[in-house]
Amino acid sequence: MDNKPRNKYWRSWFNKLVLDNRPVVSLIIILLFLMILYMISKVTWIFSPLKEFFGIVGFPIILAGVLYYLINPLVDKLEQRFKLKRVLSITIIFVLITILIIAGIVSVIPVIREQSAALIKNWPDYWNSGVEKVEGFLKRSAPRRFKKNKLMVLVVILFNHGVRRQPNLRITRSHR
């Protein structure tokens, strides 16, 4: 059957002037897209549960996808070369990854402990050095607006002297 219309004026003026005109169609699409964005901005309360859900569940899903694409070729090789079942090869890979993570954590713990002890031991020196730098900045190289702003200088001085007088802090430098 012939799909052509019987009338030679079958196309309306709307089809001729609007739908057959690429710039007009492009502008209509852009306008519709902007209207959709505007409507979404007005009903954000509808999407807040989705945002919370994907904020909680999104990272594990993405991590699972990345691990799948990283581990899948290794699982395929274990299946082909050693004729292992897929479940067994996945279990072996996960056990190896777990052992590597545990070994990494165990090897890092002593370093973190040593650095934390060194930080605690040297904290008074770090604190005193910071206080000296702030006082030196305020005395000689502070911008003029700080020199004019006596309240700011007073707050910094009171803070420094107040912290130094705390009995539980072991600051060895004597205050002036």
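Touching here is a matter of contact, meaning heavy atoms within 4.5 Å. This is a predicted model, in which local features need pLDDT of at least 70 and side-chain atom pairs count only at pLDDT 80 or more, while totals for chains, interfaces and linings use all residues. Residues are numbered from 1 along each chain as its sequence is written, and side-chain values use heavy atoms, with hydrogens and water left out.

So where does S89 sit? Its place is in helix α4, which covers residues 86–140. S89 has 0% relative accessibility, so it counts as buried. For that label, buried means under 20% relative accessible area, exposed means over 50%, and partly exposed lies in between (1.4 Å probe, protein chains only).

Now step back to the whole chain. What does its secondary structure come to? You'll find six helices and zero strands, and from the N terminus on the elements run α-α-α-α-α-α. Helices (H or I, at least four residues) and strands (E, at least two) are DSSP runs, numbered from the N terminus.

Of the 176 residues in the chain, 12% are buried. The chain exposes about 15900 Å², and carbon and sulfur atoms supply 69% of that area. Those accessible areas come from the Shrake-Rupley method with a 1.4 Å probe, and for residues only the protein chains shown count as cover. As for contacts with a separation of 6 or more, residues 24 or more positions apart account for 32% of them.

On to the aromatic rings. How many aromatic pairs does a search of the whole structure find? The search turns up three. One of them is formed by F53 and F54, an edge-to-face pair at 5.3 Å centre to centre with 70° between the planes. F54 counts as exposed because its relative accessibility is 52%, whereas F53, at 44%, counts as partly exposed.

Then there are W123 and W127, whose ring centres are 6.2 Å apart with planes at 35°, so this pair is tilted. Rings of Phe, Tyr and Trp (its six-membered ring) pair if their centres lie within 6.5 Å; planes under 30 degrees apart count as stacked, over 60 as edge-to-face and the rest as tilted. W123 and W127 are four residues apart in helix α4, so about one helical turn separates them. W123 counts as partly exposed at 42% relative accessibility, and W127 is partly exposed too, with a relative accessible area of 23%.
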